[in-house]
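Hi,

Here is the structure I promised to pass on.

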Amino acid sequence: MSLPSHAMPHQRSVFERFPFIPALGILAVLLLLNGIAEPNSMSFGAITGLTKTYLALMFLAVAQSLVVFSSDIDLSVGAILSLVNVVVVVLIERLGGGADAVLLSCLVGVLVGTLAGVFNGFVVVGLRLQPIVATFATGIVFTGLALWVLPVAGMPVPQSFWRTYGGRICDIPFVFYVVAALGLLIWLTVRTKYIIQLMAVGDNRLAAYQSGLPVTRIRIKAFALCGMLSAVAALCIIGDTASGDPVVGNAMTLYSVAAVVLGGTALSGGSGSMLGSAIGALIIGLINSFVFFAGVSSEWQNFAQGVAVLVALMAGVLITRRISK
Amino acid sequence: MSGLSTSIADLARTPLVVALGLILALLVLGELLSPGFASASQIMRLLIVASILGVVAAGQNLVILGGREGIDLSVGGVVSLSAVIAGNMMQGSDAGIIPAILACLATGAFFGLLNGLGVTLLRIPPLIMTLGMLGVLQGLLVVVRSGIPSGLAAPGLARFVTQPFLFGVPGMIWLWGAIGVLMALLLRRTLFGYRVYAIGSNETAARMAGVPADLIRVSLFVFSGMFAAVAGFCIIGYSGSSFSNVGAQYMLASIIAVVLGGTPLSGGKGGYTGTMAGAVLLILLQSILTTLNIEEAGRQFAFGATLLVLMLFYGRGKALRG
């Protein structure tokens, strides 16, 4: 029984409008579990510590989701993060380590990340290579560049850098300002015309092209933004680890994809939520801390984390599909 | 005359021919850069390394051929896990070979089955399912490794993998050749093979024609797990003992070998012969970069850049303006 469209306009359900709601539910459950397992894990200090550690993954996941929206994928985000990490650290050292040197280096780092993203866009969209294998290859190129900039991990950054990242402004930890900035960025981005175009491209590339959207430009821009946000993730990593490491981010690539999925975004593109991806990153962090606090013996911890992430991924996919039916 | 030249032009575009041509070119280049690179013993060593990647890529190839975004990111985890299991069960004794290979196959089949069931019954996208499974396998690797001292390969296995076995060629290469023949027969001469291509190119049509698509897809993942397990088992014969996360490098390398061999990630076309050439090409490229004696940074850069160039030869997507 289908009603004429004017009689019953298509009402988007609350879940369709806010695909991150299931992720929010999983997050709440995990917070509760953590609180039960170890009440101290819900203290202000512990939450701050968790945010400090997983802020980079939050940015990386949000970066990844932009590319996923247009039905692409970027397996080089971790390598971009590593490259920016060493570029910034080495540049700060070369420029003398003063406050303006730090600021300038961070700007250069963000530029490098953006350029890496543009290169990915050129390779995947311009040369029409398959994103999974092409961005894997560009990731190797970026890793090569990172190793050229800094062959071995170790160069420290000035105290001012990590003191700021780990410190407080007006009694509020600095990382929460960054989280707020990320929130604001997401809030602003979802209101742009660009994000609607990006979703249209991800939903049906040919239809988007035929309706006159500049598909190539839209997709390359997504890769560029992805590279830019990966660079911001690199700055967070520097704040957390206070040193340079040419392969620090490489293992984070697959976690960024997992976080996107946990956040309620389908890899097929066309819909999803950036906020969900950030929540997805926190879910991974909370799973890891819960396994720790629940007293799982050290040798079984990785296994328990792996199983929990797999179950959460599967649950996320199933819930998202149930809702969108 | 023009018919002949078009057929030659077509041939030159066949992925297998392109890969073989590139292999030949790289061998010549390697010999020029470092005399002795293309000697028989060097080529044999290269083929052993390629055969291990090739065995992993056989399973990856099957999963990708089956379509519906088929991909198996968990192969690296299975390789690592079965290498450790094999080492721990053999402990340097030939009597352990049979139990070890059985244990490895069972492990691979089990995790492949889990992947397959998740992908078919629950309809979890393969990339997500196998990504999650990779995390589980890496966790299990920590469990299996701790407590038990790292194992040793049985001398018989080490001989089989590295020493001449028949006509001066190591058993490992014979095994790979046999897998190549069996894969070709399976894909081109059996109902199962036809059905793999059918579900890979149009699953809806295949289902309507009565193809048990889910059953086929589950078995593809089981095959993938078992091939990865065989590779893990053989790795320990090559290296002597198991070391940490030896399989990680095979995850994306196996996918690249498949793509360089002319099977697109969208599935439904291609085959294993090309993948074998792709595996050799990949290992050859790495080997040349190693002989060049440049530092790690330049090697990685050149490897990535060359892969990008190679990909330009294969299955680029269609332009939107058709």
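Before the notes, one cut-off: buried means under 20% relative accessible area, exposed means over 50%, and partly exposed is in between, with a 1.4 Å probe and protein chains only. It's a predicted model, so local features need pLDDT of at least 70 and side-chain atom pairs count only at pLDDT 80 or more, while totals for chains, interfaces and linings use all residues. Residues are numbered from 1 along each chain as its sequence is written, chains are lettered from A and ligands numbered from 1 in the order in which they are written, and side-chain values use heavy atoms, with hydrogens and water left out.

Cysteines first. A disulfide here is a pair of cysteine sulfur atoms within 2.5 Å, and by that rule the count over all chains is zero. A:Cys226 is in no disulfide, and the nearest cysteine sulfur, that of A:Cys236, sits 15 Å away. A:Cys226 is also buried, at a relative accessible area of 0%. Over in chain B, the sulfur of B:Cys234 has its closest cysteine sulfur in B:Cys104, but 9.2 Å is too far for a bond. B:Cys234 counts as buried too, at 2% relative accessibility. A:Cys170, on the other hand, is exposed, with a relative accessible area of 69%. Its phi is near 50 degrees, a positive value in a residue other than glycine. You'll find A:Cys170 in the loop between strand S1 (168-169) and strand S2 (172-173) of chain A; helices (H or I, at least four residues) and strands (E, at least two) are DSSP runs, numbered from the N terminus.

Next, the core. A nonpolar core is a set of buried Ala, Val, Leu, Ile, Met, Phe, Trp, Tyr and Cys residues joined through side-chain atoms within 4.5 Å. The largest one has 206 residues, and A:Ile283, B:Ile255 and B:Leu307 touch the most other members. Helix H3 (residues 44-69) of chain A gives this core its largest share, 15 residues. Taking contact as heavy atoms within 4.5 Å, and leaving aside neighbours within four places in sequence, B:Ile255 is in contact with A:Val133 as well as B:Gln60, B:Ile64, B:Ile71, B:Leu73 and B:Leu265.

Now some loops in chain B. The one between helix H3 (40-65) and helix H4 (75-90) holds B:Arg68, whose phi is near 45 degrees, again positive in a residue other than glycine. B:Arg68 is partly exposed at 27% relative accessibility. B:Ser74 is found in the loop between H3 and H4 of chain B, but is buried at 2% relative accessible area. Not counting residues up to four places away in sequence, B:Ser74 touches B:Asn115, B:Thr130, B:Met133, B:Leu134 and B:Leu137.

B:Phe37 is in the loop between helix H2 (15-33) and H3 of chain B, and is buried with a relative accessible area of 4%. What does B:Phe37 touch, not counting residues up to four places away in sequence? The list includes B:Leu26, B:Glu31, B:Leu46, B:Leu284 and B:Ser287. B:Phe37 and B:Ser287 are 250 residues apart in sequence, yet 9.2 Å apart in space, C-alpha to C-alpha.

Last, a helix contact in chain A: A:Val77, A:Gly78, A:Ala79 and A:Leu81 in H4(A) meet A:Met252, A:Thr253 and A:Ser256 in H12(A).

Cheers
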